Amino acid sequence: MAVNPSIVTRDVDKLAAKTGNVYESVFIVSQRAKQVAVKTKEELTQKLAEFASNIDNLEEIFENREQIEISRFYERQPKPTSIALDEFTEDKVEYRWKDEE
């Protein structure tokens, strides 16, 4: 049985040790993953906007090699969740809780 190399087993205890609660750790990672996803989406949209066509004709579809290469580059990037988990486990994420009053 072949194993997908992109699947990584994570130690939940190590993840929970950072905050004392696994759910808080997962919440922090999820928020960071959203930030990474938004940033990546903005970059991709900005780069693909250069190739945007003002013609709304379905018959005229042009294949642009540069546009395809840009899309493939972003498809090969690690998923935002993986990036956020790596940053969290390497203590590269700053987080703070709102003061409860």
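Trainee: How many helices and how many strands are there in the protein chain?
Mentor: This is a predicted model, and its protein chain has 4 helices and 0 strands, so that, read from the N terminus on, the elements run α-α-α-α.

Trainee: And what share of the residues counts as buried?
Mentor: Of the 101 residues in the protein chain, 15% count as buried. The chain exposes about 9100 Å², and carbon and sulfur atoms supply 52% of that area.

Trainee: What about contacts, how much comes from residues 24 or more positions apart?
Mentor: If you take the contacts in the protein chain with a separation of 6 or more, residues 24 or more positions apart account for 68% of them.

Trainee: Let's look at helix packing, then. At what angle do H2 and H3 pack?
Mentor: Helix H2, which covers residues 22-49, packs against helix H3, residues 65-76, at an angle of about 170°, and their axes are 10 Å apart.

Trainee: Why call them roughly antiparallel?
Mentor: Because angles over 145 degrees count as roughly antiparallel, and the angle here is about 170°, H2 and H3 are roughly antiparallel to each other.

Trainee: Which residues make that contact?
Mentor: On the H2 side they are Thr-40, Glu-43, Leu-44, Lys-47 and Leu-48, while H3 contributes Gln-67, Ile-70, Ser-71 and Tyr-74. Sorted by class, the contact has 4 nonpolar, 3 polar and 2 charged residues.

Trainee: Switching topic: how many aromatic pairs does the structure hold?
Mentor: The structure holds 3 aromatic pairs. One of them is formed by Phe-27 and Trp-97, which are stacked, with 6.3 Å from centre to centre and 25° between the planes.

Trainee: Where in the chain do those two sit?
Mentor: Phe-27 lies in helix H2, whereas Trp-97 lies in the segment after helix H4 (80-89), so the pair links distant parts of the chain, 70 residues apart.

Trainee: What kind of pair do Phe-73 and Tyr-74 form?
Mentor: Phe-73 and Tyr-74 form an edge-to-face pair, with 5.3 Å between the centres and 85° between the planes.

Trainee: And how accessible are Phe-73 and Tyr-74?
Mentor: Phe-73 counts as partly exposed at 41% relative accessibility, but Tyr-74 is buried, with a relative accessible area of 11%. Tyr-74 is also one of the H3 residues in the contact with H2.

Technical notes:
Residues numbered from 1 in each chain as written. Predicted model: local features only at pLDDT ≥ 70, side-chain atom pairs only at ≥ 80, totals over all residues. Heavy atoms only, no water. Axes fitted to C-alpha atoms, helices over the stretch in contact; angles between N-to-C directions. Parallel < 35°, antiparallel > 145°, perpendicular 65-115°, else oblique. Contact = heavy atoms within 4.5 Å. Nonpolar A, V, L, I, M, F, W, Y, C, P; charged D, E, K, R; others polar. Buried < 20%, exposed > 50% of the residue type's maximum accessible area, 1.4 Å probe, protein only. Areas by Shrake-Rupley, 256 points an atom, 1.4 Å probe, with all protein chains shown as cover. Phe/Tyr/Trp six-rings, centres within 6.5 Å; stacked < 30°, edge-to-face > 60°.
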